[in-house]
Amino acid sequence: MSVKHKMIRAMFGLMGLPTCEEVEQFAYDFLEGVLDSSTMKAVERHLKACKNCQRFIAAYRKTASLGKTFQKPTLDPEFKENLFEFLAQKAGGKV
């Protein structure tokens, strides 16, 4: 841990705010809005002061959003049947 990181961590501690590591651990619950109100406010205050955590939360939010829109691909039935036959042959007919 660099001296700069240690100083930032100490500053957040003195301000009664979570550290960057704690914000990272709270990210999912923060974005889901399930943290208790005092922790939520502390994370929000941390985010106002920390550009790195702002970027982390933005990336986390975007990743979670993309994950929610992911659609399971569908296979062409003929391809699927051929694939299972191929796998069955490779497995010695045990599939």
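What is the handedness of the crossing of α2 and α3? In this predicted model, the crossing of the two helices is left-handed.

## Model and confidence

The structure is a predicted model, and the protein chain averages a pLDDT of 90, with 97% of the residues scoring at least 70. Within the protein chain, confidence is highest in helix α2, at a mean of 95, and lowest in helix α1 (residues 3-14), at 81. Where pLDDT is low, the predicted coordinates should not be read in detail.

## Fold and overall dimensions

The protein chain holds five helices and zero strands, so that, read from the N terminus, the order of its elements is α-α-α-α-α.

The radius of gyration of the protein chain is 23 Å, whereas a compact globule of 95 residues would have a value near 12 Å. Taken along the principal axes, the box filled by the C-alpha atoms of the protein chain is roughly 65 × 30 × 20 Å.

On the side of α2, the contact is made by Cys20, Val23, Phe26 and Phe30, and on the side of α3 by Thr39, Met40, Val43, Glu44, His46 and Leu47. Sorted by class, the residues in the contact of α2 with α3 are seven nonpolar, two polar and one charged.

Methods
Residues numbered from 1 in each chain as written. Predicted model: local features only at pLDDT ≥ 70, side-chain atom pairs only at ≥ 80, totals over all residues. Heavy atoms only, no water. Left-handed = near helix turned anticlockwise from the far one by under 90°. Helix = DSSP H or I, 4+ residues; strand = E, 2+ residues; numbered from the N terminus. Contact = heavy atoms within 4.5 Å. Nonpolar A, V, L, I, M, F, W, Y, C, P; charged D, E, K, R; others polar. pLDDT = per-residue confidence, 0-100. Rg over C-alpha atoms; globule rule 2.2 N^0.38 Å.
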